[in-house]
Amino acid sequence: MNLGIDLGSRKAKFALVQEGHVIRLADHDTVPFYKRYGRLEGEELVLDLAASGLFSTEELEGATVVVTGYGRNTLSLRGARVVSEIRAHVAGALAQTGLDDFTLLDMGGQDTKVALVRGGKLADFVMNDKCAASSGRYLENMAAILEVSLDELSSHWRDPVPLDATCGIFGESELIGQILRGYPMERLCAGVNQTLVKRVLPMLRRFPSETVVLTGGVAHNRALVRLLEDATGRALVVPEHPQHNGAIGCAVIRDQGPGTRDR
């Protein structure tokens, strides 16, 4: 039994996998999870997974634990093997899609990663973790300004209102200005989604492939999927569990050999 843990900026995700099959997925808001079930002992993070109730004692006993975390900094979780984010997400995409050649676009809560996979191996990658303007946090902020749910925001892609600011903070001001100009909510939502597409296209162009695999919580945004397909002209594949992709990757990484090595 393998337990994969992806300690993201917004959500802590967990995947229990046995012989390549996902047994259970779970998640928890990251900060409350740390407050309730985590502590630091020296330089090590200690998580009381049994107390969290996410998994039974029987499931946790004897499980091999592999963990990754948000950002470039390596975290040390007691009793776990640590792997890099990019390695975990590539391994998850390989396991979930069965593809060997693709461009991975992972859009998380605070950053965006694009990786080129060839022959089942990581060939190259680029990350944007300096600004949250191309991430789920940006969508959350914009949805709050528009006073709509993320589900409502994700249902609009037609006739987007132009939004050109490259910074999330300036983007909020620009959106407010467009609201005052009287544009309908549907077009404003589409404009927000289109802006996210424009921000990730330069990264995607660095690694052209016939297929793009989209992972991360943002993959649940239906409008973004539609707009990305239109903008790239490529086939877009969303795995069954896009938000848990990194956790699944951690859980299966031992079975994939050295192909998804750290960079």
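**Ground rules.** I worked on a predicted model, where local features need pLDDT of at least 70 and side-chain atom pairs count only at pLDDT 80 or more, while totals for chains, interfaces and linings use all residues. Residues are numbered from 1 along each chain as its sequence is written, and side-chain values use heavy atoms, with hydrogens and water left out.

**Entry 1, the sheet.** I looked up the strand order first. Helices (H or I, at least four residues) and strands (E, at least two) are DSSP runs, numbered from the N terminus. Two strands pair if DSSP finds at least two bridges between them. I found five strands in an open sheet, ordered β3-β2-β1-β6-β7, with mixed pairing. β3 (21-29) and β7 (81-82) are at the edges with a single partner strand each, so one side of each is left without a neighbour in the sheet.

I then checked what packs on the sheet. Helix α10 (residues 245-252) does, touching β1, β2, β3 and β6 (64-69); contact means heavy atoms within 4.5 Å. The direction of α10 makes about 145° with that of β1. Axes are lines fitted to C-alpha atoms, for helices over the stretch in contact, and angles run from 0 to 180 degrees between N-to-C directions.

**Entry 2, strand pairs.** β1 (residues 2-7) and β2 (residues 11-18) run antiparallel and are joined by six bridges. In this pair I noted Asn2 opposite Val17 in β2. β2 and β3 also pair in the antiparallel sense, over eight bridges, and here Ala15 stands opposite Leu25 in β3. The hairpin of β2 and β3 has two residues between the strands, and Glu19 takes a positive phi near 50° there.

I counted a salt bridge as a side-chain nitrogen of Lys or Arg within 4 Å of a carboxyl oxygen of Asp or Glu. The structure holds 15 of them. For exposure, buried means under 20% relative accessible area, exposed over 50%, and partly exposed in between (1.4 Å probe, protein chains only).

- Lys11 and Asp29 meet at 2.8 Å, N to O. This pair links strand β2 to strand β3, 18 residues apart. Lys11 is partly exposed at 25%, and Asp29 is partly exposed at 37%.
- Arg24 and Glu59 meet at 3.1 Å, N to O. Arg24 is in strand β3 and Glu59 in helix α3 (residues 57-60), 35 residues apart. Arg24 is partly exposed at 34%, whereas Glu59 is buried at 13%.
- Arg78 and Glu44 meet at 2.9 Å, N to O. Arg78 is in the loop between β6 and β7, and Glu44 is in strand β5 (residues 44-47), 34 residues apart. Arg78 is partly exposed at 42%, and Glu44 at 29% is partly exposed.

I also noted a network of salt bridges that links Arg39, Glu41, Glu44 and Arg78.

I returned to α10 and looked up its contact with α4. The axes of α4 (residues 85-97) and α10 come within 7 Å and cross at roughly 85°. The two helices are therefore roughly perpendicular; angles under 35 degrees count as roughly parallel, over 145 as roughly antiparallel, 65 to 115 as roughly perpendicular and the rest as oblique.

The contact residues divide into seven nonpolar, six polar and no charged. Here Ala, Val, Leu, Ile, Met, Phe, Trp, Tyr, Cys and Pro count as nonpolar, Asp, Glu, Lys and Arg as charged, and the others, Gly among them, as polar.
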